[in-house]
Amino acid sequence: MGLKMLLKGNCIRVFEFTRFSTCRFICSGRSNDAEFSVSNVRTVQNFNDIPIARRLPIIGTKMDFLLTGFGTRFHEYIDNRHRTLGSIFREPVGGGTEVIFINSPDMMREMFVYEGKYPKHPLPDAWTLYNEIHNCKRGLFFMDDEEWSANRKIMNTMLLRNDFKLAHRVIENVSDDLITDWNRNTENVGKCMQVTELMAVLYTWAIKVLVFTMIGDTHGTEVDKINQLLPKFSGIVQDIFERTAPLMVVPPSFAQKYNLNIWSEFEKSVTSTLEIANEIVEVGLKMNGNGLLKEMQSNSMSTETIKRIFVDLIIAAGDTTAYTTQWALFLLSSNNSEQSKIRAQLNSSNFETPLIRGTVKESLRLFPVATFIGRILPGDGIIGNYRIPQHTAVIASMYSIGRDAKNFPNPNEFQPSRWLRDSSGNMQCVHRTNMPYAMGIRSCVGQKLANSMMHILLSKILANFEVKLLNKSPVGVVMRLIAVPTQPILLGIKRLS
């Protein structure tokens, strides 16, 4: 006998399987509880019945992994596994350890049901080793158990609320500065200009928004000091993700023990990033602003905890928002008709129009920054009709889910309108089919801020410019821990009259 729970709307469905292949259904929610029997339900299968990739003794599937370009094509590697083995499979990673990969939205929701009171997720080995060696305590992403829960509840009240006027004001001001710079650099209306170092510009924009949301309304020499630190910081943050990728192939402990260059370069980039991020937060703490720092202090957070949380939030701001914004501009610059449709919806008082929201969702679907989202099950569970033992890592293949025709018609096409509701209130796709920020109590704490940032900046760009893709060769996607273009995006902007 086993239990299977499935979220459905406002109720939790619990299926109790028996040896007679029947189940009892219990619905607990706002409506009255109901219970009835269902026959001919497929029997739950054992863990060893899950399809498994072909592997070699001791090294598992490491050789297959190496053939993906040292992990740069890992998203395609796993997608091909799903096409061969199905929506759920086991992947041996060596040392007798097996990871479960899933690409079914229903299984993904089941994974979150079993995540427990204190959800744990897989972490890059290189990052955990660095923290151990340097006795480095980090923010929410690295916290667990009661420490994570207590601090997450405080941050929820600040970052996930609907009325966040300070953040919206900061986003508009920083985005206006970017638009002003681009307008200044375009010689005249109708002439196309290439944006210089687009990724660096977007990184600086993203980090600046978070830093000044953290500090609030303030001015003085400290602001000048922070503005001087931001460009340097944005460049170093990008290095972390570049340096982490090789350590997904070579065990970090081996690279560290033998002082390999890939470890020393990674260690150097993390150390530099943390030093500058700490300096930014320390300057912010000295400024008597009205931002998130002040709110955290009013919630009796220690200075050390505030530093830990904000350092990691600043680091996370770059990859989540900057890369997704870049992918959105890449998609829009290849599609003039979608640009025109969005402009028809824009007005000066509303930056979050349906098509702008759809554009961001499409960008996250086609190019998920978090290419894989996982949980380590705290107890036994049932996912996809298979028993999964406790402490197993279950990984949702976000790239594969987003490009599966079962989930999205014409999955490789950029269609922001697929997220719009028709006259009957229905979408082309199921709303919960794609969950780029995860779900549950450990979903991305900065998702509302990130979405607002992207909605506002993209709206302002399209209100002022026509964007055009200038790359001469096709742009693909590779993994550098996160999904990045195979070559720099060359964005052309033409000022509108």
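Predicted model: local features only at pLDDT ≥ 70, side-chain atom pairs only at ≥ 80, totals over all residues.
Buried here means under 20% relative accessible area, exposed means over 50%, and partly exposed is in between, with a 1.4 Å probe and protein chains only. Residues are numbered from 1 along each chain as its sequence is written, and side-chain values use heavy atoms, with hydrogens and water left out.

**Salt bridges**

- A salt bridge is a side-chain nitrogen of Lys or Arg within 4 Å of a carboxyl oxygen of Asp or Glu, and the structure holds 20 of them.
- Glu 76 pairs up with Arg 73 in one of these salt bridges, with 3.4 Å between the closest N and O atoms. Arg 73 is partly exposed, at 32% relative accessibility.
- Lys 460 and Asp 176 also form a salt bridge, their closest N and O atoms being 2.7 Å apart. This pair links distant parts of the chain, 284 residues apart: Lys 460 belongs to helix α16 (residues 447-464) and Asp 176 to helix α6 (residues 165-185). Helices (H or I, at least four residues) and strands (E, at least two) are DSSP runs, numbered from the N terminus.
- Lys 460 is buried at 11% relative accessible area, while Asp 176 counts as partly exposed at 31%.
- Asp 404 meets Lys 406 in a salt bridge at 2.9 Å, N to O. Asp 404 is buried at 12%, whereas Lys 406 is exposed at 65%.
- Shared partners tie Glu 362, Arg 365 and Arg 418 into one salt-bridge network.

**Aromatic pairs and charges over rings**

- Rings of Phe, Tyr and Trp (its six-membered ring) pair if their centres lie within 6.5 Å; planes under 30 degrees apart count as stacked, over 60 as edge-to-face and the rest as tilted. That rule gives 17 aromatic pairs.
- Phe 141 and Phe 142 have ring centres 5.3 Å apart and planes at 85°, so they sit edge-to-face. Phe 141 is partly exposed at 37%, but Phe 142 is buried at 14%.
- Phe 330 and Phe 367 are edge-to-face too, at 6.1 Å centre to centre and 75° between the planes. They link distant parts of the chain, 37 residues apart, with Phe 330 in helix α12 (residues 303-333) and Phe 367 in the loop between α14 and β8 (372-376).
- Phe 330 is buried at 10%, and Phe 367 is buried at 8%.
- Ring pairs also join Phe 74, Tyr 77, Phe 89, Phe 101 and Phe 372 into a cluster.
- A charge sits over a ring if NZ of Lys or CZ of Arg is within 6 Å of the ring centre and within 35 degrees of the ring normal. Arg 403 does this with Phe 367, at 5.3 Å from the ring centre, and Arg 365 lies over the face of Phe 408 at 4.9 Å.

- Helix α7 (residues 198-215) has 18 residues and should span 26 Å at 1.5 Å a residue, which agrees with the 26 Å between its end C-alpha atoms. The expected span is 1.5 Å times one less than the number of residues.
- Of the 18 residues of α7, 14 are buried, so the helix is largely enclosed by the rest of the structure.
- Gly 216 follows α7, with a positive phi near 95°.
- Thr 353 is in the loop between α13 (336-345) and α14 (354-366), and is buried at 2% relative accessible area.
- Leaving out residues up to four places away in sequence, Thr 353 touches Gln 345 and Leu 346 (contact means heavy atoms within 4.5 Å).
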